[in-house]
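Reader: I would like to learn how to read a few local features from a structure. Could we take them one at a time?

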Amino acid sequence: MKSIIRIGSRESRLAVIQAEIIKNAIEKHHPELKVELVTMKTTGDKILDKSLEQIGGKGLFVKELDKALKDERIDISVHSLKDMPMEVPEELPLIGYSKREDPRDVLIYRPGQSEIMPGGVIGTSSRRRMLQLEKLYPFCTFKGIRGNVQTRLRKLEEQNFDGTVLAAAGLKRLHMESIIGRIFEVEEMVPAAGQGILAVQGRKGEDHSYLDCIFCRKSEIEAAAEREFVAALDGGCTSPVAAHAIACGEEIKLYGLYYREKDDTFWVETKTGEAKRARQIGASLAEEMSKRS
């Protein structure tokens, strides 16, 4: 095992905090190791005036970090699992998953407001969120908004949005729960696959045993079901396909959101089964829903 572990991260405040969660855990359980953070700006962080769909998808958030791993400038990288493409390079596997933070989406109001009035404008660039919000707020209009948490909060005021939607997990890690206006339960808004889980990526064949201290089997099981569901429907990061799994003991319950492009409609179904068959459950629910389309 190496004596120095270099962790790659995007340079946003939230990304650094997430990488530090992994860094602190390694340092606590392996004091013999020196752990360093290496931050970098990704293409997805640089282009904020276009939707992810227009510029190439979630892969733009990991491309630079993947290259740094391949070039051995870093030893592992830390990502929000929801930002990871469904296809991961074989030589750079996902090697660990953190305990899951709150997976739900939340609504942030413009300062001074406590509800969205008829005719209000909600900012989101996520088609998944927009589809579900249209049912919850049929009297509103929706406009694209991108950037990290701080950027979106600034745009909320500067660009006359009445509200915007963010992941609860990020706000909690930033200790910004106080700005949450409304929490959407999973039954109201199915989260993105992997939301709330931190994923660690590394080079195939190397010793990553020092990550045992952050490994969460429950998160791994839930992630397997969610990502298999999305992958089976060929849903990339810009697709409105969504999935959320809840593992409890030997069982797992999976919520899947299926989008039918021909008439711009979606519906949500659930499937319960053995946790050890998480991946098969994800694929099975995707197949069942696609047949009904």
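Reader: Where is S98 found?

Author: This is a predicted model, and in it S98 is found in the loop between β4 (94–97) and β5.

Reader: Is S98 buried or exposed?

Author: Burial is read from relative accessible area, and under 20% means buried. S98 has 6% relative accessibility, so it counts as buried.

Reader: Which residues does S98 touch, leaving out those up to four places away in sequence?

Author: S98 touches R173, I197, L198, I214, C216 and S219. Distance can also be read from C-alpha to C-alpha: S98 and R152 are 54 residues apart in sequence and 26 Å apart in space.

Reader: R152 brings up α6. Which residues of α6 are buried?

Author: They are V149, T151, R152, L153, K155 and L156. What covers them includes α1 (13–29), β5 (105–109), α5 (127–136), β8 and α7 (168–173).

Reader: What caps the N-terminal end of α6?

Author: A cap of this kind is read from a side-chain atom and a backbone atom. N148 caps the N-terminal end of α6, with a side-chain oxygen 3.2 Å from the backbone nitrogen of Q150.

Reader: What follows α6?

Author: N160 follows α6, and its phi is positive, near 60 degrees. N160 is a residue other than glycine, and it is found in the loop between α6 and β8. With a relative accessible area of 54%, N160 is exposed, the cut-off for that class being over 50%.

Reader: Where is Q159 found?

Author: Q159 is found in the loop between α6 (149–158) and β8 (163–167). Its relative accessible area is 43%, so Q159 is partly exposed. The C-alpha atoms of Q159 and I145 are separated by 9.6 Å, and the two residues are 14 apart along the chain.

Reader: Which loop holds E72, and what is its phi?

Author: E72 is in the loop between α4 (63–70) and β3 (76–80). Its phi is positive, about 60 degrees, although E72 is not a glycine. E72 counts as partly exposed, at 48% relative accessibility.

Reader: Now a residue in a strand. Where is the place of Q201?

Author: Q201 is in strand β10 (residues 198–202). Its relative accessible area is 0%, so Q201 is buried.

Reader: What lies 2.9 Å from a polar atom of the Q201 side chain?

Author: The backbone oxygen of L92 does. A polar contact is a pair of N or O atoms within 3.5 Å.

Reader: Last, a pair of helices. At what angle do the axes of α8 and α9 cross?

Author: The axes of α8 (residues 217–232) and α9 (residues 278–291) cross at roughly 30 degrees and come within 7 Å. Angles under 35 degrees count as roughly parallel, and α8 and α9 are therefore roughly parallel to each other. The crossing of α8 and α9 is right-handed.

Reader: Which residues of α8 and α9 meet?

Author: From α8 they are I221, A224, A225, E228, F229 and A232, and from α9 they are A278, R279, G282, A283, L285, A286 and M289. Sorted by class, the contact of α8 with α9 has ten nonpolar residues, one polar and two charged.

Conventions:
Residues numbered from 1 in each chain as written. Predicted model: local features only at pLDDT ≥ 70, side-chain atom pairs only at ≥ 80, totals over all residues. Heavy atoms only, no water. Axes fitted to C-alpha atoms, helices over the stretch in contact; angles between N-to-C directions. Helix = DSSP H or I, 4+ residues; strand = E, 2+ residues; numbered from the N terminus. Parallel < 35°, antiparallel > 145°, perpendicular 65-115°, else oblique. Left-handed = near helix turned anticlockwise from the far one by under 90°. Contact = heavy atoms within 4.5 Å. Nonpolar A, V, L, I, M, F, W, Y, C, P; charged D, E, K, R; others polar. Buried < 20%, exposed > 50% of the residue type's maximum accessible area, 1.4 Å probe, protein only. Polar contact = N/O pair within 3.5 Å; in protein donor to acceptor, adjacent residues only side chain to side chain.
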